[in-house]
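Welcome to this guided tour! Please open the structure in your viewer and get ready to select things as we go.

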Amino acid sequence: MFKNLLILGLGLVLALNCSAQSDLKFTDLLNESNLDSWDVPEDNIWWSIADGVLNVKSGPKKKGSILWTKNTYLNFVIETDFLMGDGTVDSGIFLRSEKQQVQIGESGSLKRDMTGSVYIPGKGYPVEAARISEILKRNDWNSMKVMVLGNIYTIWVNEQEVLKYESAETIAEGPIGLQLHPDRTMEISFRNLRIAELPKSTLEAKIMENRIQLIPNNQEKKVDVFIDGQFFTSYIYPNTIKKPVLYPLITPEGTRITRNYPLEPSAGERVDHPHHVGLWFNYGDVNGLDFWNNSDAIKEEKRSEYGTILHKSVNQITSGDEAASLEVTMEWVSPEGKVLIKEDTKFIFKGENKEYSIDRITKLTALEAVDFKDNKEGLIGIRVNRALEHPSDKPEIFSDAKGLPTKVAVLNNEGVNGNYINAEGIEGKAVWGKRSNWVNLRSKIGAESLSLVILDHKQNVGYPTYWHARGYGLFAANSLGQAAFSKGENELNFKLNKGESTTFKHQIIVASKELRKSDIDSRFLEFSMN
């Protein structure tokens, strides 16, 4: 859906001049005498229509009401005239759901006119309409026009643009609603209310202005990342996995390097460790709960031993030319639903010269005393596909063409040529259990040389990290679990008291070229300065 609509971003403006408007096919939402296009509330005493004018007026009990269209809409332009009548008018237009509203009249919380501003329940008014006190006509008809393109809202009042807003929590499709706010004595009228659906060709004809675009798709529970028009990755939070992840990872030359299983089982892939999905961050022992190994494969009787990380909100999306950023909130939750940790993570995406990069800045705040008991299962991990594994000479289990597990006695290592190397020059499977500033997983797929790098950060707890990097495709850095890697010489049982926070910083580099040691050393020093 939204993945192919590369036009979304704050820089996107559709020219609604005379010629452009003539191409739009408007449909009237009001007729002369009835509300056939609307779902009228039961026991309606508020909404009435005469001569094409819709009037809504508070009842004696000051009960609120919403009038919804019967049809749903994806991308559209809606226009109306409105006349604020007696009382304290607090009304608005709902866009696809009650969670997105364009205000008409006075805000009950702010006690001033916020006409033209977007209201988000729980967040208030993130952006205020400009110059509304100058533009709005008192005791007269005013016009409002709202253009909705994906998650971008552009609003005009009396033919003057007053606001452009990029919402982080839209839904893809829904009805239009008109509001009568409860606990008010008020009256408002609407006329010339009409809507024009924007055809897909209108959207695809636009070219995104920012090189790096983040495109939210709430219906599919993801935010897609594009660099120079090419899909790179998605932040996904479906119900089928036990933590949000970045999936898949795709190189600048278009090669997918993460394993498809378990989300998209494919022939020739290993089918071990169903909790290894894309790029993720979690840990194997938090107050005795295993967050690392949790998946839908866990039997019901064992689920009390595992924790889940739940996506809670997308807080900020910023596209750009040099970089784009995504800020999200997650919660680390016990099987009983108790929130142990609030996670606020910022992803920064960059890309140029055959290199993409992701900075994952992870702030963990303890909502009660939290113990990260020393455990080898952590902390940031990537599960790569077969081509980036190390060649293996022992029997394994792989998936067949139907995605079913199959034992393979003799392995075909054709095209399997992954090789780890760390900052000290140690190579191959020997990097496991070693401390290092970074590790580079190199491979070659066809004519494409690949480098997949994870950088540690000097401010991380437990720096320098140990590397939990396996030849079968698990590529992970774990600075909290030390005993298993050091054969008992070191141990770190990290604790956070209630209200305390710690921040982990990691950078992932995905390059369609071979990166030299000097290049990665420079990147590590630059990254660790921030």
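Before the first stop, here is how residue types are sorted: Ala, Val, Leu, Ile, Met, Phe, Trp, Tyr, Cys and Pro count as nonpolar, Asp, Glu, Lys and Arg as charged, and the others, Gly among them, as polar. You are looking at a predicted model, in which local features need pLDDT of at least 70 and side-chain atom pairs count only at pLDDT 80 or more, while totals for chains, interfaces and linings use all residues. Residues are numbered from 1 along each chain as its sequence is written, and side-chain values use heavy atoms, with hydrogens and water left out.

**The whole view**

Zoom out until the whole protein is on screen. Its C-alpha atoms fill a box of roughly 80 × 50 × 45 Å along the principal axes. Colour by secondary structure to see 5 helices and 34 strands; helices (H or I, at least four residues) and strands (E, at least two) are DSSP runs, numbered from the N terminus. Of the 530 residues, 55% are buried. Here buried means under 20% relative accessible area, exposed over 50%, and partly exposed in between (1.4 Å probe, protein chains only).

**Stop 1: the largest pocket**

Select Lys350, Glu352, Ser357, Arg523 and Glu526, which lie nearest the centre of the largest pocket among its 16 lining residues. A pocket is found on a 1 Å grid over the protein atoms alone, as an open set of points where a 1.4 Å probe fits, with protein on both sides within 12 Å along at least five of seven lines; lining residues have an atom within 4 Å of a point. The volume of this one is about 360 Å³, where a volume is the space filled by probe spheres set on the points, and grid points are joined across faces, edges and corners.

Which elements give two or more residues to this lining? They are strand S22 (339-352), strand S23 (355-366) and helix H5 (517-528). S23 gives the most, with 4 residues. By type, the lining has 2 nonpolar, 5 polar and 9 charged residues.

**Stop 2: the sheet of eight strands**

An open sheet of 8 strands runs in the order S20-S21-S22-S23-S34-S30-S29-S28, with antiparallel pairing; two strands pair if DSSP finds at least two bridges between them. At the edges are strand S20 (308-318) and strand S28 (419-422), each pairing on one side only. Between S22 and S23, which run antiparallel, there are 12 bridges. To see one of them, pick phenylalanine 349, whose bridge partner in S23 is isoleucine 358.

**Stop 3: aromatic rings**

Now show the side chains of Tyr235, Tyr237, Phe347 and Phe349, which form one aromatic cluster. Rings of Phe, Tyr and Trp (its six-membered ring) pair if their centres lie within 6.5 Å; planes under 30 degrees apart count as stacked, over 60 as edge-to-face and the rest as tilted. The count comes to 19 aromatic pairs. Tyrosine 235 and phenylalanine 347 make a tilted pair, 5.8 Å centre to centre with 50° between the planes. Tyrosine 235 lies in strand S17 (residues 230-236) and phenylalanine 347 in strand S22, so this pair ties together parts 112 residues apart in sequence. Both residues are buried.

Next, select phenylalanine 281 and phenylalanine 504: their ring centres are 5.8 Å apart and their planes at 55°, so the pair is tilted. Phenylalanine 281 belongs to strand S19 (residues 279-283) and phenylalanine 504 to strand S34 (residues 501-511), so the pair links parts that are 223 residues apart in sequence. Are these residues buried or exposed? Phenylalanine 281 is buried, at a relative accessible area of 2%, and phenylalanine 504 is buried too, at 1%.

**Stop 4: two cis peptide bonds**

Move to the bond between tyrosine 247 and proline 248, which is cis, with omega about -15°. Proline 248 sits in the loop between strand S18 (245-246) and S19. Then find the cis bond from tyrosine 463 to proline 464, with omega near -5°. Proline 464 is in the loop between strand S30 (448-455) and strand S31 (466-469).

**Last stop: a positive phi**

Finish at lysine 111, which has a positive phi of about 60° although it is not a glycine. Lysine 111 is in the loop between strand S8 (101-105) and S9, and its relative accessibility of 60% makes it exposed.
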